[in-house]
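Hello,

Here is the structure I promised to pass on. Please open it alongside this message; my notes follow below.

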Amino acid sequence: MPTNFTQLSHDLAALCRTTAAFIRQEAATFDRAKVEHKGLHDLVSYVDQETERRLVAGLRQLLPEAGFITEEGTAGPDSHTEEFTWIIDPLDGTTNFVHGLPVYSISVALMQHRELVVGVVHEVNRDESFRAVRGGGAFCNDQPIHVTGVPKLDGALIATGFPYKEFEQMPDYLQILGTFMSSCHGLRRMGSAAVDLAYVAAGRFEGYFEFNINSYDVAAGVLLVREAGGHVTQFLKDGDPLFGREVLASNGLLHAEMQAIIGKFWK
């Protein structure tokens, strides 16, 4: 059992950095014909799968007793353990990767007894390593980061994600988007939930919201935002953003204002 989560976070960051170099190497010669479809608009490539295999192998060395929740299933069926579980998205932003849009990341978090304790988001193309430890703060390339102090939405830059399947709530979501567009400095869609959350933690965005997301998309980012002084919940309640399929993150000062807008339209 590790007693030093800070050291484990450094070891994890080093593993992610090495693995990110593999992704950059493959991006240079990637053939879009090799893409597979897991579902409607849900893409996967050999790069996702090989990246995950490399991460799982490295994580098993770092913490042999831990179980896994993975996007691509290369570690076998999801295996929560009594104490430790790794939550992995090997390539968050696969669609960006496939199209050559350079915004995608590796996201890995460690959960202990259902509590997030370590998280790393490695933005591949900028080679930025965002790292957090519960109670130990948040960092980008080992420099401390913090959410902004912007107090009102009219001075904020907000990130979101667009649904690519399960479109039943699209009309409500479009109304939410329209209200945010007219209420803030701007609305951005980067295409990687992990990057969005890391950027909230680093003060590049003031807030972020998205639905139909999974634990592996947001686990590391949730810890980053919290350790950077921000707030993360579900859309309209202080529910579990990790397994609740929707996430609202902010610098904390904007949270009520963002929830009020979402609450006008969200059912």
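Glutamine 169 sits in the loop between strand E10 (157-160) and helix H4 (170-181). Bear in mind that this is a predicted model. Glutamine 169 counts as partly exposed, because its relative accessibility is 27%. Leaving out residues up to four places away in sequence, glutamine 169 touches Phe211, Trp266 and Lys267.

Seven strands form an open sheet in the order E3-E4-E5-E6-E7-E8-E9, with mixed pairing. Strand E3 (67-70) and strand E9 (143-144) are at the edges. Each has a single partner strand, so one side of each has no neighbour in the sheet.

E6 and E7 pair in the antiparallel sense, over six bridges. Valine 121 has phenylalanine 130, in E7, as its bridge partner. Two helices pack on the sheet. Helix H1 (residues 5-27) packs there and touches strand E4 (84-92), E5, E6 and E7. The direction of H1 makes about 30° with that of E6. H2 also packs on the sheet, touching E3, E4 and E5. The direction of H2 makes about 150° with that of E4.

**Helix H2**

How far apart are the end C-alpha atoms of helix H2 (residues 46-62)? They are 24 Å apart. That agrees with expectation, because 17 residues at 1.5 Å a residue should span 24 Å. Val47, Asp48, Thr51, Glu52, Leu55, Val56, Gly58 and Leu59 are buried in H2. An α-helix has 3.6 residues a turn, so residues three or four places apart point the same way.

**Strand E7**

E7 is mostly covered: six of its six residues are buried. In a regular strand the side chains alternate between the two faces of the sheet. In E7, Glu128, Phe130 and Ala132 point one way. Ser129, Arg131 and Val133 point the other way.

Alanine 132 of E7 has glycine 119 opposite it. Alanine 132 also stands opposite alanine 138 in E8. E7 and E8 pair in the antiparallel sense over four bridges.

Both hairpins have a positive phi to look at. The hairpin of E6 and E7 has four residues between the strands, and there aspartate 127 takes a positive phi near 55°. The hairpin of E7 and E8 has three residues between the strands. In that turn, glycine 135 has a positive phi of about 80°.

**The nonpolar cores**

The largest nonpolar core has 38 residues. Phe130, Tyr208, Val218 and Leu224 have the most contacts inside it. The elements that give two or more residues to this core are E5, E6, strand E7 (128-133), strand E8 (137-140), H5, helix H6 (215-227) and E14. A second, separate core has 33 residues, including Ile88, Tyr104, Ile106 and Val133. In soluble globular proteins, nonpolar side chains tend to be buried together.

What does leucine 224 touch, not counting residues up to four places away in sequence? Its contacts are Val121, Phe130, Arg131, Ala132, Ala138, Ala198 and Ala201.

**Serine 192**

Serine 192 lies in the loop between strand E11 (186-188) and helix H5 (193-201). Is serine 192 buried or exposed? Serine 192 counts as buried, because its relative accessibility is 1% and the cut-off for buried is under 20%. A polar contact of 3.1 Å joins the side chains of serine 192 and serine 105. Beyond residues up to four places away in sequence, serine 192 touches Asp92, Gly93, Val103 and Ser105.

**Two arginines with positive phi**

Arginine 114 is in the loop between strand E5 (105-112) and strand E6 (115-123). Its phi is near 70°, a positive value in a residue other than glycine. Arginine 114 is exposed, with a relative accessible area of 54%.

Arginine 245 lies in the loop between strand E13 (231-233) and strand E14 (246-250). Phi of arginine 245 is near 75°, also a positive value in a residue other than glycine. Arginine 245 counts as partly exposed, at 31% relative accessibility.

Best wishes

Definitions and conventions. Residues numbered from 1 in each chain as written. Heavy atoms only, no water. Expected span 1.5 Å × (residues − 1). Buried < 20%, exposed > 50% of the residue type's maximum accessible area, 1.4 Å probe, protein only. Polar contact = N/O pair within 3.5 Å; in protein donor to acceptor, adjacent residues only side chain to side chain. Contact = heavy atoms within 4.5 Å. Core = buried A, V, L, I, M, F, W, Y, C linked by side-chain atoms within 4.5 Å. Pairing = 2+ DSSP bridges. Axes fitted to C-alpha atoms, helices over the stretch in contact; angles between N-to-C directions.
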